[in-house]
Amino acid sequence: MIENPGQTARKNAVRDLILGVVFFILLSMVLFGVVFGIPLTGTPKLNKVNTATVSFDGKTVEVTPEGMQIAVDLAGGLKRWVGECDQTMPKAVITYQMKDGTEVVVGADKDTIYKDGKYYAPKGTNGELFQNVVEGIFFGESVKKDDR
């Protein structure tokens with residue numbers, strides 16, 4: 001059967017449009033990763049977390065229900081990068097006890113992002129931000145008094 005040339009042109013135009021959109025989306029994802037870093041995968045979601053504990057410089061506290069959103073958002077905001085990083089445990093660590101019984105451990109400082117036994121290089125200053133927020137919000141005055 002012979003196809004109508006106009007119909008063939010429309011099919012090619014639709015195919016080219018779809019390929020162009022897919023290419024644009026892939027290019028956008030790559031550029032986003034280069035500029036902002038690669039999101040840390042497998043971070044806990046608020047509705048799946050049962051309890052959490054925060055450790056900073058050897059001290060540990062239980063996260064209150066009011067602080068749980070901050071604890072979850074801290075882990076979700078970490079962006080990693082390719083390359084070498086310190087293989088040492090960061091000073092700031094949050095351990096999440098999930099409702100399904102599993103445990104997720106996330107930590108970060110200016111040189112390292114840690115998640116469940118793997119170490120990553122942080123992109124930008126988000127590892128340092130994680131450490132500063134953990135120190136300031138969850139330990140606040142107790143850390144500053146001990147440093148005097």
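These legends walk you through a few close-up views of a predicted model.

**View 1. Confidence across the model.** Take care with residues 143-148, where pLDDT stays under 50. For that stretch, the model has 3 contacts beyond four places in sequence.

**View 2. Thr95 and its neighbours.** Thr95 sits in strand S5, which spans residues 92-98. With a relative accessible area of 16%, Thr95 is buried, because that value falls under the 20% cut-off. Leaving aside residues up to four places away in sequence, Thr95 touches Thr51, Ala52 and Thr53, as well as Glu103, Val104 and Val105.

**View 3. A nonpolar patch on the surface.** Val14, Leu17, Ile18, Val21, Val22, Phe24, Ile25, Leu26 and Met29 make up this patch, and together they have about 890 Å² of accessible area. One of its members, Val21, belongs to helix H1 (residues 5-36). Val21 is partly exposed, at 43% relative accessibility.

**View 4. The salt bridge of Arg15 and Asp16.** The structure holds 2 salt bridges, and here the side chains of Arg15 and Asp16 meet at 3.3 Å, N to O. Both partners are partly exposed: Arg15 has 46% relative accessibility, and Asp16 has a relative accessible area of 44%.

**View 5. The salt bridge of Lys115 and Asp116.** In this pair, the closest N and O atoms are 3.3 Å apart. Lys115 is buried, with a relative accessible area of 13%, whereas Asp116 is partly exposed at 36% relative accessibility.

Technical notes
Residues numbered from 1 in each chain as written. Predicted model: local features only at pLDDT ≥ 70, side-chain atom pairs only at ≥ 80, totals over all residues. Heavy atoms only, no water. Helix = DSSP H or I, 4+ residues; strand = E, 2+ residues; numbered from the N terminus. Buried < 20%, exposed > 50% of the residue type's maximum accessible area, 1.4 Å probe, protein only. Contact = heavy atoms within 4.5 Å. pLDDT = per-residue confidence, 0-100. Patch = residues over 30% accessible without salt bridge, like charges linked within 9 Å, V, L, I, M, F, W, Y side chains within 5 Å. Areas by Shrake-Rupley, 256 points an atom, 1.4 Å probe, with all protein chains shown as cover. Salt bridge = Lys/Arg side-chain N within 4 Å of Asp/Glu carboxyl O.
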